[in-house]
Amino acid sequence: MDLTAIKKYPSQITSAFKRFPLASAMAFFTFIALVTNTEFAQFGNDHFTRLFLWLAIYPIAAMLIALATSLVQESRKSANARPQAIASGTWFLLSIALVAGLPLDDDPFYFGCTVTLVYLIATFAVFLGPFWKQPNENGFWNFLQKNIKSAIIAILVSAILLGALEGFVFGFAELFDTDPGEMIYLYIFYFCASVVVPILYFSGVPSIDECIEEPPALNKFASSTIRFLFVPVLAIGILLFYAYIIKFIVLWDMPDEGTVSAFVSGFIIYLLVLITAMHPMRLSAEQTTEKKLLKIFPAACIPLVFLMSIDVMHIFIQESLSPEIIWVITINIYFYIIIAILLKEKIQHKSRYIAIVFCALFFITTISPLNAHNIADLVEPSKIESELAQQSNTKTTPIEEDTTAKFGSFEADISNSDIISFIIPKGAKEVAILDHYFDKSEFEYRDDTITFRITLSEDDENAADSAKTKSKVYNFFTTKQELNDSLESIASDHAAIGIKELHTSQWSETGRSLRIKGLLFTE
C-alpha cells in the first residue's frame, strides 16, 4: 500500500475547498436538499411541491456550473469573481423561473428537456471549457483521462466509507439495543453520495496547466487492451454489419422495426469512445496499424449509418409520424455529422464540435418551436386532410363515395398522466409494462368499434427443444365513444389494460395507427 499517497489526501481535500469553494458548498447544499425533500415530502400542496422540485433540479447543476466556471477561470489565470457570479446567478434565476412557470397538472416533458439540456451543457463545459482556446485536444484528453481516474477512486472510497458508517450504526444499535430508524441509513447514503463523492473527486481534478503541458500517452495496459481487444471487436463488428448488408440486398429482408437502428446506434457510440481513447495513437509519428485504422473506421461506418436510414424509412412508412420516429431520424442525421467531423482532418477540436452539434439538435427536437411533438402534431392532421381531400376528388363512382362514408375519419388522444396507480382487476396474477405501436394487422376499425390484439410469448418447458416458445393472444375491443370519453381501462375475458397514454387515428380506408402505453394485467 502506498502510504505516501494516502497521506496526501487531507491536503488534497483542503485544496479542493480552496480551489472550488462554490462547487464544494453546492455539494453540501445537495445533501441538505435531499434530506429536506425526504423529510417534508408528505406535504403535497402546490407551494411545497414546487419547492421540492426546485431542490431536486437546482443543486447538482449549480455544482457543475460552479466547477466549470472555476476551471475556465483557472485556465485563463483569472481570479475575477464576476464570471462565477453571472453563471451561477443565471442558473439560479432560470431554475426558479422554470419551476414557477411549470403547470403541475400538465405534461412535464418540456420542463424535463430544458433541465436536461442545462445539465448537458454544464457537463460538457467542465471538460471542454478550460481548453477552448487550445490549438489541439491534447489538454482535453489528459484532463478527461485523469478525471475518469479521479471519479472512480472517489466512488470506490465513498462506497467503502458508506459500508463502514452504516456497519458502525448497525453494530451500535445491536450492542446497545437501540433503534435509530431506517432513515439514518438513507441519510448516510445521501451524505456519501452527495458530499463525499464530489469532494473526493474535486481533490483529484488535475490542474489545467498540468494537462496542457503533459503529452498524451497511454500506458502499456491500455495500449495492449485497445490493440488486441477493442480494435478487433470494432473490426469484427463492422464486418458482421457488412455481411448483414449483403444479406439485406440479396433477400431485401429487415428484422423487427428499430432493431437495426438500435444496433447501429450502440456501435457508433462505441466507435466514438474508442477513437477518443486512441487519441495518443493519432499523434504518433510512426505509421502504426492503429493510426491507419483511425482513418478507416469512420469511413467504414458510413454504410452502417445508411443501413440505419433504410430502417428509419421502413419504420416511417409502416407507422404514422410520431415524436419517437423524429428523434430516431435526428439521431441518424447526427451520426452522419459525427462521421463527417471524424473524417475531416482539418478539424482539430472534434470533441468540441460533436458536443455542440449534439446540444443543438437536442434543443431543436425537444424545446424549440420546431420540436418533434410540434412537427408530429402538424404533419399528422395534414396527412389526414390530404387523404380525405384525395378521396373527395375521386367521386367518379358511387362505390368510392360509399367507401369514404364507411371509414370516415377519426382520432382519439388519451393521456391519464395524473393517474398514479391502477386498480388491479380481479383474478389478475401477472402485470407487464405496455408500450406498443400496433401493426396494421393487429387492429382494425369496424364501424364504431375498434378491435385489437396483444400477443405475449412465454417459455414452455414441456415443449420440444425446437419449439420451446408458445404464445397467448388477448383480444380487446372498445368503441369510439369510449375513447372520446378519456377511457382509463379496457378489459377482456382474461386480461385488462390500465391506460396511461393512448393515441389512435384513422385517416383513410387503410390508413390507421394505434399506440397504447400503460399496464397489462393478465390472469
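Biologist: How many cavities of 30 Å³ or more does a search of the whole structure find?
Modeller: One. A cavity is a set of points, on a 1 Å grid over the protein atoms alone, where a 1.4 Å probe fits but cannot get out. This is a predicted model: local features need pLDDT of at least 70, side-chain atom pairs need 80 or more, and totals for chains, interfaces and linings use all residues. Numbering starts from 1 along each chain as its sequence is written, and side-chain values use heavy atoms, without hydrogens or water.

Biologist: What volume does the largest cavity have?
Modeller: About 70 Å³. Volume is the space filled by probe spheres set on the points, with grid points joined across faces, edges and corners.

Biologist: Which residues line the largest cavity?
Modeller: Phe127, Leu128, Phe131, Asn136, Glu137, Phe140, His349, Ser351 and Arg352. Lining residues have an atom within 4 Å of a point. By class, four are nonpolar, three polar and two charged. Here Ala, Val, Leu, Ile, Met, Phe, Trp, Tyr, Cys and Pro are nonpolar, Asp, Glu, Lys and Arg are charged, and the others, Gly among them, are polar. Helices α5 (109-128) and α15 (350-366) each supply at least two lining residues.

Biologist: New topic. Which residues touch the most other members of the largest nonpolar core?
Modeller: A nonpolar core joins buried Ala, Val, Leu, Ile, Met, Phe, Trp, Tyr and Cys through side-chain atoms within 4.5 Å. Buried means under 20% relative accessible area (1.4 Å probe, protein chains only). Of the 43 residues in the largest core, Leu67, Leu71, Trp91, Phe143 and Phe202 touch the most other members.

Biologist: Where does the largest share of this core come from?
Modeller: From α3, with 12 residues. Apart from that core lies another, of 38 residues, among them Val264, Leu274, Val305 and Ile338.

Biologist: What does Trp91 touch?
Modeller: Ile57, Tyr58, Ala61, Ala62, Ile65, Leu98 and Val118, leaving out residues up to four places away in sequence. Contact means heavy atoms within 4.5 Å.

Biologist: And α12, how many residues has it?
Modeller: It has 12, residues 289-300. Helices are DSSP runs (H or I, at least four residues), numbered from the N terminus. From first C-alpha to last, α12 reaches 15 Å, close to the 16 Å expected. The expected span is 1.5 Å times one less than the number of residues.

Biologist: Which α12 residues are buried?
Modeller: Glu290, Lys291, Leu293, Leu294, Phe297, Pro298 and Ala300. They pack against α9 (220-251), α10 (259-277), α11 (279-282), α13 (302-318) and α14 (323-343).

How values were computed
Buried means under 20% relative accessible area, exposed over 50%, partly exposed in between (1.4 Å probe, protein chains only). On a 1 Å grid over the protein atoms alone, a cavity is a set of points where a 1.4 Å probe fits but cannot get out, and a pocket is an open set with protein on both sides within 12 Å along at least five of seven lines; lining residues have an atom within 4 Å of a point.
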